[in-house]
Amino acid sequence: MAIETKRIIKEHLIICEGRDAFEFLIAFLNSPTLQYDKRFSNDIQVFDFGGNEQLEKYLTILKLQENFKNVKSLMIIRDAERNAKLAEQQIQNALRKAGYAAPIQTAHWQEGTPNTGYLLFPTCCEQLKDGTLEDLC
């Protein structure tokens with residue numbers, strides 16, 4: 001499967017695993033819950049990086065895109081699957097190998113160019129738990 005990137009037009013990016021997560025995040029960012037804070041729908045751009053095995057390559061290609069120099073923050077969101085700790089390590093390794101700063105744990109930002117962070121479904125918080133977006137929903 002070829003890795004596709006879209007044109008970067010916003011300063012804050014979320015890259016997520018798969019079409020379901022992409023659609024979920026778009027709906028959430030534009031939901032009534034966040035409607036009063038337009039930063040969520042106006043300042044964040046969401047991309048689908050494909051499968052978990054494609055993350056490192058996607059991160060490498062993303063840095064080559066026009067306007068990447070304007071990106072201030074990059075959040076990675078994926079499923080924890082059956083081993084949340086392993087998923088966390090995979091994200092950290094992909095970030096490092098692609099030349100980004102890697103946060104020491106989920107739900108924390110690491111300063112860099114751009115600042116980076118990551119979250120794991122189903123919890124999307126500091127507490128790691130095995131599972132997927134479908135478990136959250």
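Q: Glutamate 81: buried, exposed or in between?
A: Glutamate 81 is partly exposed, at a relative accessible area of 31%. For the cut-offs, buried is under 20% relative accessible area, exposed is over 50% and partly exposed is in between, using a 1.4 Å probe and protein chains only.

Q: What kind of model is this, and how are residues numbered?
A: It's a predicted model, where local features need pLDDT of at least 70, side-chain atom pairs count only at pLDDT 80 or more, and totals for chains, interfaces and linings use all residues. Numbering starts from 1 along each chain as its sequence is written, and side-chain values use heavy atoms, with hydrogens and water left out.

Q: Back to glutamate 81, what's its phi?
A: Positive, about 60°, although glutamate 81 is not a glycine. It sits in the loop between strand E3 (73–79) and H4. Helices (H or I, at least four residues) and strands (E, at least two) are DSSP runs, numbered from the N terminus.

Q: And cysteine 124, what about its phi?
A: Cysteine 124 also isn't a glycine, and its phi is positive at about 55°. You'll find cysteine 124 in the loop between E4 and H5, partly exposed with a relative accessible area of 27%.

Q: How many residues of E4 are buried?
A: 6 of its 7, so to speak mostly covered.

Q: How many bridges join E3 to E4?
A: 7, and the two strands run parallel. Strands pair if DSSP finds at least two bridges between them. One of the partners is phenylalanine 121 in E4, bridged to aspartate 79.

Q: What do E3, H4 and E4 make?
A: A right-handed β-α-β unit. Right-handed here has the path from the first strand over the helix to the second running clockwise, with the strands pointing away from the viewer.

Q: Switching to helices: at what angle do H3 and H4 pack?
A: About 35°, with the axes of H3 (residues 55–62) and H4 9 Å apart. Axes are lines fitted to C-alpha atoms, for helices over the stretch in contact, and angles run from 0 to 180 degrees between N-to-C directions.

Q: Which residues meet there?
A: Leu55, Glu56 and Leu59 in H3 meet Ile91, Ala94, Leu95 and Lys97 in H4, where contact means heavy atoms within 4.5 Å.
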